[in-house]
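Subject: The structure you were asking for

Hi,

Here is the structure, with my notes below it. Have it open while you read.

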Amino acid sequence: MAGGPGDGRDGSQALGHPDPRAALSAEDVASLSAALDSAVATFMERDRRPANLVGFGVGVKRTGDQPTGEKALVAMVQHKVSPDTLAQADLLPTSHEGVALDVVDVGQVFAGVGLAPLPPAPPAAEQPAPDRKVAAAPTPAGGSGLPALLNTHLRPAPGGWSVGHFAITAGTIGTCVYDILPGGSVHPPRPGLGMPLPFYILSNNHVLAHSNGAKIGDPILQPGPADNGLFPGDQIAILSRFVPIEFNPPVPLNQQRNLVDCAVAAADLRDIDREIFWIGEVRGWRRKARVLPGATVYKTGRTTGWTTERILAVNVTIDVNYPIGNALFVARFRDQIVTPRMSAGGDSGSLVLTDDNVAVGLLFAGSNRITVCNQIENVRSLLGVEVAQRIL
Amino acid sequence: MDVNEAKSAHEDELLAAPGVVGVGVGNEGGEDVIFVFVEELTPANDAPEKLGLPARVEDFWLVMREIGSVKALG
């Protein structure tokens with residue numbers, strides 16, 4: 001299990017991080033705690049909080065997108081703007097109590113916004129030239145030895161088939177979704193009525209939005225690049241929105257508030273199909289309080305096809321590794337569903353349903369022992385999309 | 001206090017134990033339990049006491065589980 005997070009919980013140093021300038025040790029983090037508390041007290045107080053500021057953390061100062069190795073307080077803002085456009089009261093200093101203060105755009109954790117890549121932009125994330133293979137595309141990890149089954153070009157494309165942003169390998173179409181309709185709400189959850197346009201493919205942020213690295217409007221390929229999906233012939237959709245993931249670095253694990261790894265990409269209705277291969281139509285979705293250990297669930301995914309398991313645990317807080325470019329980032333997710341292993345690399349984005357076709361989860365991570373899924377209720381709330389009208 | 005409340009109340013101390021990569025709520029033999037996830041079970045971590053944790057929190061058993069190295073599946 002070399003390279004796992006087991007022995008370096010709150011720093012990335014023990015993760016075999018390839019760039020030590022982006023890493024902080026547990027001692028570094030601890031040494032910044034007094035300055036952090038002070039900064040939070042100084043800047044996060046309600047009546048004096050600068051516009052845009054949403055949080056504070058400790059991390060590594062960056063110049064451009066490159067980590068410098070200097071430990072720093074990290075001010076998280078929704079949109080980073082040029083200092084000369086800000087009022088004096090909204091300016092943040094460049095240091096606080098002798099510690100460098102860096103400003104990072106974390107986006108807004110709600111539907112429709114959030115374009116900023118938290119990790120350094122991956123190399124070669126450029127618009128692909130027409131009809132040129134855009135990624136060398138190593139076979140997705142997982143090592144199952146299973147054949148990739150659902151990796152062909154198909155229109156309309158049902159849930160379960162290969163999909164991906166042009167700069168990734170390949171993931172899975174969960175199903176097709178639409179914005180919560182007029183009159184619908186999140187608290188309490190209630191469906192609306194009306195005309196859905198546009199329609200979207202639902203999958204993960206790390207499948208459709210390249211782990212925060214994509215731009216809204218980027219082309220989405222079906223099949224994904226690892227399955228020889230090419231731009232423009234295999235383009236099926238464009239990235240519409242995603243919920244940004246907070247990564248360490250720069251955000252310490254115990255300060256992350258990740259609930260979901262999800263994104264949607266708008267497609268022409270005739271090119272997509274809300275049926276899921278080998279599963280059929282989604283009858284409705286289930287509130288998280290009713291998703292319980294022991295329930296039988298299934299999914300269809302690009303790599304392992306149709307698989308079924310029983311839920312092992314809910315309300316799970318878990319640290320997930322994201323290899324991005326040549327670096328490894330860790331994100332702590334709360335409120336997750338864990339099953340024994342029912343997936344492999346490339347299955348990310350699969351919709352997980354009960355055995356009577358009620359959506360409960362969105363598959364996004366796993367190991368050789370388990371599979372991890374977001375609660376579909378959190379996906380619905382944070383992305384503002386509906387997988388089906390009924391709450392079952 | 002139900003098992004979800006107990007898990008939430010003690011989550012930080014569980015996650016701070018060496019080698020713990022996750023915690024969750026489960027059910028074993030009809031009894032609600034709190035899972036403590038590690039990448040690999042060894043003689044050094046196969047019981048909560050070996051990590052400096054209690055055997056139970058509130059009224060719920062801590063159950064050690066091996067889950068491997070968890071990563072995004074894109």
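In which sense do strand 2 and strand 4 of chain B pair, and over how many bridges? They run parallel, with five bridges between them. Bear in mind that this is a predicted model. To find the pairing by eye, go to F35(B), which sits opposite V63(B) in strand 4 of chain B.

Strand 2 of chain B has another partner too: strand 1 of chain B lies antiparallel to it, joined by eight bridges. Here G22(B) faces F37(B) of strand 2. These two strands form a hairpin with two residues between them, and G29(B) adopts a positive phi near 60° there. As for cover, strand 2 of chain B is mostly tucked away, with six of its eight residues buried.

Now for the cores. The largest nonpolar one counts 28 residues, and V20(B), I34(B) and L62(B) have the most contacts inside it. Helix 1 of chain B gives the largest share, four residues. A separate core of 26 residues lies apart from that one, and its members include F247(A), A313(A), A331(A) and I67(B).

Cheers

Conventions
Residues are numbered from 1 along each chain as its sequence is written. Chains are lettered from A and ligands numbered from 1 in the order in which they are written. This is a predicted model: local features need pLDDT of at least 70, side-chain atom pairs count only at pLDDT 80 or more; totals for chains, interfaces and linings use all residues. Side-chain values use heavy atoms; hydrogens and water are left out. A nonpolar core is a set of buried Ala, Val, Leu, Ile, Met, Phe, Trp, Tyr and Cys residues joined through side-chain atoms within 4.5 Å. Buried means under 20% relative accessible area, exposed over 50%, partly exposed in between (1.4 Å probe, protein chains only). Two strands pair if DSSP finds at least two bridges between them.
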